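Trainee: I am new to this structure. Could you take me through it by question and answer?

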2 protein chains.
Amino acid sequence: MIDRLVEKIQKTHAPIVVGLDPMLGYIPEQITKKAFAEYGETLEGAAEAIWQFNKEIVDHTYDLIPAVKPQIAMYEQFGIPGLMAFKKTVDYCHEKNLVVIGDIKRGDIGSTSAAYATGHIGNIQVGNKTYTPFGEDFVTVNPYLGTDGVKPFVDVCKEEKKGLFILVKTSNPSSGEFQDRLIDGRPLYEWVGEKVAQWGADCMGRDYSAIGAVVGATYPEMGKVLRKIMPKSFILVPGYGAQGGKGADLVHFFNEDGLGAIVNSSRGIIAAYKQEDYAKFGAEHFAEASRAAVEAMIEDIGSALERNR
Amino acid sequence: MIDRLVEKIQKTHAPIVVGLDPMLGYIPEQITKKAFAEYGETLEGAAEAIWQFNKEIVDHTYDLIPAVKPQIAMYEQFGIPGLMAFKKTVDYCHEKNLVVIGDIKRGDIGSTSAAYATGHIGNIQVGNKTYTPFGEDFVTVNPYLGTDGVKPFVDVCKEEKKGLFILVKTSNPSSGEFQDRLIDGRPLYEWVGEKVAQWGADCMGRDYSAIGAVVGATYPEMGKVLRKIMPKSFILVPGYGAQGGKGADLVHFFNEDGLGAIVNSSRGIIAAYKQEDYAKFGAEHFAEASRAAVEAMIEDIGSALERNR
């Protein structure tokens, strides 16, 4: 799967991922109105609105991008109907040939992590039949429990040719509270980064490992150090745009081959029509605004990488 | 909710929680056969088997215990039908007046943690209507992202009178890999424990805070230290029984009032009929075996606390 992600990035010239993290407040009225007319002001109605919103954004951007990253919390907050919209979104993105990164940030003791891995990137047997419960291509994983909490995910990756992005240095303001604390003179995130490199060592694709890392765009200096600690790990970089990261900050997350990182933007793309720059599209043409925002993001990162050559 | 948990513990004299973590392999054939006959060998069939299994265990134990702890991963691995069985289990346990601890170990950046908190311990508005997506009473939370990843959960706890258990020192063998690393001479788990005490300071019930901690039964010496660092935090203690913890190891997780901790057992209770001690019940009477195992666990912990007075 990591090779497929790399190929798609090379083909699109777009090391970016669109975060499908819909909030009801982002969804234009014409969509919610129609969904509520059909299903009422219910969880089912909200889920239908989310799904129709996602579908239109995917339809307007899939040819420009290699991957999407639905954040499962935004669906889980609408209970079962919300999770059905998550699954529908994953399946639809696969129809459109996109790589799907499930942003689930799971992680637990061994047997429990194994259940999460089965549910999200694996298959489960029921009697004599086999099912794919959620079917993402990559998932994000929390490392706090250490190797035996991560290994079941790694094992399923090997079997099913899937991939992981493990939280190393997160994009939020208080990420340093524990992650930056010094242990034998080096911050915790560096120790986690070293483990990511180890965990990924026997999951190599052509040039990169199937076991990647999450490092926030908001911490470019740390990205530079982590890039060297995990040379073979792809870095998923959240925090671009709405959280404050810019293209020029991101060049050191990449390797000299121009690869090695994939930058996420969520709100900045899916709610682009609410920004001044894209207001001309109006709520009616929100998905065209998203397409324009994707093009601008590709240009911003592409030219920053070009300047850095 | 923390006051309700304390009252229920005092009434039952049972500082224990039954972990409803069903694996298909634990479920007796008479249940899976019936479920598969009705729904086929499908995810729906597996979910029905899980639900019937849970129901029978709850029916045979609810009068002895204050709380249950369904581990959501064990349901999530069966996709949407599995999560429907999770929700059905939560609702049924509420009918039986049990406190429900959702073992979800979520945690993300602020806006995303807010969505998880809404989904699991809060309510969500759709148009003019309000819904309760999953409706647990407590949830477990991962602290790796720091204060701004935890605070949205704390905020919902305050509004909705719910509670949290934050991972401090987990029960698994490799938990020490990061959690035990020394920072300014003290292990990371102590720093996290201090934060738990701070986060909980303005969420006080009568004697305990709504913000508790998870500390594994498998690390009793660390439990002793953490008990002092977080005197007002209830400690959820996994790892009893199947993972190796014994009643005598657990006394230092409790305060002198005999309260302050609640010990979880999952496999040891729900799959008791598979153990030599309870084999006489047979698969047919598996839920009676669970009841006997609950009684033995209450006795084991109760007498250890008695000896320690």
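The talk below covers pockets, helices and cysteines.

Mentor: This is a predicted model: local features need pLDDT of at least 70, side-chain atom pairs count only at pLDDT 80 or more, and totals for chains, interfaces and linings use all residues. Residues are numbered from 1 along each chain as its sequence is written, chains are lettered from A and ligands numbered from 1 in the order written, and side-chain values use heavy atoms, without hydrogens and water.

Trainee: What is the volume of the largest pocket?

Mentor: A pocket is an open set of points on a 1 Å grid over the protein atoms alone, where a 1.4 Å probe fits, with protein on both sides within 12 Å along at least five of seven lines. Its volume is the space filled by probe spheres set on the points, which are joined across faces, edges and corners. For the largest pocket that gives about 620 Å³.

Trainee: Which helices of chain A each supply at least two residues of its lining?

Mentor: Lining residues have an atom within 4 Å of a point. The largest pocket has 21 of them, and Phe254(A), Asn255(A), Asp257(A), Gly258(A) and Leu305(A) lie nearest its centre. Helices are DSSP runs (H or I, at least four residues) and strands are too (E, at least two), numbered from the N terminus. The suppliers are H1 (2-12), H10 (220-229) and H12 (286-307) of chain A.

Trainee: Which element gives the largest share of the lining of the second largest pocket?

Mentor: The second largest pocket holds about 520 Å³. Its lining has 19 residues, with Asp257(B), Gly258(B), Leu259(B), Leu305(B) and Arg309(B) nearest the centre. H1 (2-12) and H12 (286-307) of chain B each supply at least two. The largest share, four residues, comes from H12(B).

Trainee: Why do the buried residues of H2(A) line one face of the helix?

Mentor: Buried means under 20% relative accessible area, exposed over 50%, and partly exposed in between (1.4 Å probe, protein chains only). In H2 (29-39) of chain A, the buried residues are Ile31(A), Thr32(A), Ala35(A) and Phe36(A). They line one face because, seen down the axis, their directions from the helix axis to the C-beta atoms fall within an arc of 120 degrees.

Trainee: What do those buried residues pack against?

Mentor: The face turned away from the buried side carries exposed residues, Glu29(A), Lys33(A), Lys34(A), Ala37(A) and Glu38(A). Contact means heavy atoms within 4.5 Å. The buried residues of H2(A) pack against H3 (43-61) and H12 of chain A, together with strand S4 (124-126) of chain B.

Trainee: Is Met222(A) buried or exposed?

Mentor: Met222(A) is found in H10 of chain A. Leaving out residues up to four places away in sequence, Met222(A) touches Lys169(A), Asp180(A) and Tyr189(A). Its relative accessibility is 19%, so Met222(A) counts as buried.

Trainee: How many disulfides are there over all chains?

Mentor: A disulfide is a pair of cysteine sulfur atoms within 2.5 Å. The sulfur of Cys93(B) is 19 Å from the closest cysteine sulfur, in Cys157(B), too far for a bond. Cys157(B) is in no disulfide either, as the nearest cysteine sulfur, that of Cys203(B), is 6.7 Å away. Over all chains the count is zero.
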